[in-house]
Each structure stands twice: as C-alpha cells, then as structure tokens.
Amino acid sequence: MPGPTDARPTLAVIGLGYLGATHAICMADLGYDVIGLDVDAARIDALAGGTVPFFEPGLDELLGKVLPTGRLTFTTSYDDIAAADVHFLCVGTPQRKGENAADTSYVDAAVDSLAARITKPCVVVGKSTVPVGTAERVAERFAGLDVELVWNPEFLREGLAIEDTLHPDRLVFGVKAPRGEQAMRAVFAPIIETGVPVVVTDLATAQLVKVAANAFLATKISFINAMAEVCEVVHADVKKLSEALSYDERIGGRFLHAGLGFGGGCLPKDIRAFMARAEELGVDQALSFLTEVDAINQRRRARMVDLTRGLLDDTLPGRRIAILGAAFKPHSDDIRDSPALDVASRLHDAGAHVTVYDPAALANARRDYPALAYAESAVEAAVDADAVLHLTEWPEFVRMDPAALGDVVRQRNIVDGRNALDAARWRAADWHYRALGRP
Ligand code: UDX
C-alpha cells in the first residue's frame, strides 16, 4: 500500500474522456508515472500520438510537454495496468436511453476487468459521477482482494479542466478506513501543498457531494431563468435584477446569468439521475423541486423559438435563420444536450432554413445534426438571414461588429439568447434587439 513515505506510486487511469485524459496528463505533469487505459483504440492512438481527441484549451500543449518525459503511456489492455499502485476510475456514466437514471455499465465493466487482473495490494479511486450506492457495490466486487476503495469526485468544468484538476476548489476523499485517506493524501500531496482544502467523508457522502453541487448550480441557473419568465410578463429586466441580487454576498453573482439555460454532459443528466436514484431510495419528495428546475430549463428553449417566430410575423416556414453557437457553452466543442442545437433543430423542424456557425463545435454538430446547414463564419451564416440568434456566448460573437453583420442580412433582427451582447450597440446600428427576460 503506498503511503506518504513510500516511493511515488504508479498510477493507472481507466477511461480517457474529458475527466480521465485531463487527470492522466495532469498527474504525469506533476511527476507521476501514469498509464492511461481506454477501450477505444482510436482514442489511445490519438493520445499516444500527442493529440487530445476533444477541445480543451491548453491540454494539447500539456500532453506535448509530458509525452517526451516517458512518464505517460497509453494502452487498451488491462494486463498492462495490473501492476499499478493506484487505479483511477474515470469512465462515463451517461443517461440511460429513455430513462432518467444513469447508465453505470461502463463502471461495472471497468471494475470487473480490473478485479480479474489485480494480484497485489492497491488503491482503487472512483472519480466517475455515480448514483449514490454505486461505490458500495463496487467495493463488493473487489471482495477477497487487497483493494482499498476510495471515492474522489471531480468538479472540473470544460474549458477550465486543467485549472480545476491542478487547483481545485476542494478535494473530497470518501474513504472506508484511515489507510484510504493516507493513500489519497500521498497521491494528491503536490496539490494539497498549494493550500487546497481537503474534506474527508464516508463513501456515500463523497458520491453525493458531486450530484449535490451540480443540483445546486442547475437550481441557481433555473432560479434566475424563472425570474426571467416573470420579467418578460411585467417588462422588467432580468439582467439588472441579477446584477442587483449579485451584490448580496449570500447570493453571489456566479451562475446567475439568465438566458437559454444549461446543457452539456453533466448538469442535465446529473439532476435527472439524482431524481431517479432518490425515487429508488424512497426520498423522491426531497428532490421533487429538481423536476421544476429541469422544466424551467426546457421552457427557455421553447420560449426562444416562440420569440423568434413572433419576430418573423408568426411564420417560420421558409424563413432564413442564422444560429451563432453550437457548443453547449463557449470554449468547448461539446454539443451534448446543447441548448443552441436544440433550438436550431426545433426551428428547422418548424420549416425554417437554419444555418449554424460555431468556432469549435462545427464538426461535432455536422455529425450529429446532418439536416441543418452550416457556415464557416458568423457573417457567412448571416447572409440573407431574417433573424440572427446568438445562442452560445463565444467572445468573437460578443465582440462582433453589428454594422458588418447588418450589411449581409435581409432583416436586422437579433435575439440574444445569452444576454451577453451590448444591446445599445446593436440598437445604435439599427438592429431590432431582443433578449430573454428583458424588455
Ligand atoms: C459542470 C460543473 O460546473 C462542474 O463542476 C461539473 O464537474 C461538471 O458540470 P460544465 O458541464 O463544464 O461543468 O459546464 P458549466 O460551466 O457548469 O456550465 C453548464 C451550463 O450552464 C452551460 O450550458 C452554461 O451555458 C450554463 N450556464 C452557466 C448558464 O446558463 N448560466 C450561468 O449563469 C452559468
């Protein structure tokens, strides 16, 4: 068992998606020998060749820095990681098709493959976001082996993944016994030494911290979007309302931006999985408010379509609409549950001619939404448009010159789905500017 006084442990990282690839690269950068495992051979080839198979600022450079040291290697074979001292489980837990619950089959498969190879004492660290109770089930699968199971949820945000891995707000170690905590303190020593707070809990609490954090963030966003719904009726300004609220330190301004709402691979599926688990546990009433959080979030998308239709004399068929943004948020190429593409599809289904542009997510959008049209720039997307919809707040859209865009459109209608454009600037350039929750 590796402890604070032992030589540096060898780490294995199982599952090289967002979380795992970032974790493996960062731990190698901290000086550890790391073996990254994924069942997807193409992903392994890309990483071993120095290419990160998704968009994350700075991660390609960090991979390029650590690969020549020889500390970071990749494999598709569990045999190659059998000798590691610490195994991090970083596989995905997507939403089950047609259900709210999380699909934990990748966790189960990884644990079974690992358990069949383990021949020496080791630590297994669960990082995947799982329904509470999964860790206890995983522990049973290692019964009879000298495995110390720990749960260590991650809170990394896409676009800030390196920062959130190396300088997290906190580290949470869910442990069954003191030696689990000792092992974690040793592995994370370079990060803990920088002053990062450590919270040691039992396994159940550690699993809950992650979903509770995401439920809180989703609730905060839906709260301000609910206020936006009210603002729309009384002609109040939700952006000013949010600013006024933000000066109360108990409330704070972060995650209080009203707009098209949340998407991505985490918030939507995590609140749904949390509700599904609560129902299994008989405490569904405690989380019934999350049904409304989800509903408010979905209503923003419908409202965006209605607002656009209203701008276009209640007719969508045949109208040309430019959509600025496809990623679920800026600085990402991730289109999972993207509000922007959901709105684009709804408008397309209603008969509009929709052209999408995004600085990073075009390839992914083209693959998953082949029926939509695409452009290589904002201006190209806006040619002859009857309305321009700003749905992902990339800096290049926020900086855009309203006059230049005005030259190519058919009608100067802009709908700011993210409340991020300077309304006065657009109106000064003769645009009809509309936003969610604002007069
Ligand atoms: C989130 C959590 O922040 C992170 O801690 C967790 O580990 C994974 O899930 P991420 O999915 O990268 O991270 O996105 P995040 O930055 O949280 O944004 C989520 C969504 O909320 C985006 O679609 C964003 O546009 C939206 N959002 C965010 C708002 O609509 N308003 C806000 O004020 C903030």
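About 30 Å³ of space lies in the second largest cavity. A cavity here is a set of points, on a 1 Å grid over the protein atoms alone, where a 1.4 Å probe fits but cannot get out. The volume is the space filled by probe spheres set on the points, which are joined across faces, edges and corners. The model is predicted, with local features needing pLDDT of at least 70 and side-chain atom pairs pLDDT 80 or more, while totals for chains, interfaces and linings use all residues. Residues are numbered from 1 along each chain as its sequence is written, and side-chain values use heavy atoms, without hydrogens and water.

Select Arg320, Ile321, His353, Thr355, Ala381, Val383 and Ala385, which line this second largest cavity; lining residues have an atom within 4 Å of a point. Next, colour strand 9 (320-324) and strand 10 (353-357): each supplies at least two residues of that lining. Strands are DSSP runs of E with at least two residues, and helices are runs of H or I with at least four, numbered from the N terminus.

Now move to the largest cavity, which holds about 80 Å³ of space. Select Thr93, Ala102, Thr129, Val130, Pro131, Val132, Val211, Lys269, Asp270, Ala273, Phe274 and Arg277 to show its lining. Then highlight helix 11 (residues 267-281), which gives the most to this lining, with 5 residues.

Finally, colour by domain, using bounds from an automatic or database domain assignment. Domain 1 (11-201) and domain 2 (235-435) each contribute at least three residues to the lining of the largest cavity. A search of the whole structure finds 2 cavities of 30 Å³ or more.

Methods. 1 Å grid on protein atoms, 1.4 Å probe; cavity = no way out; pocket = protein on both sides within 12 Å on 5 of 7 lines; lining within 4 Å.
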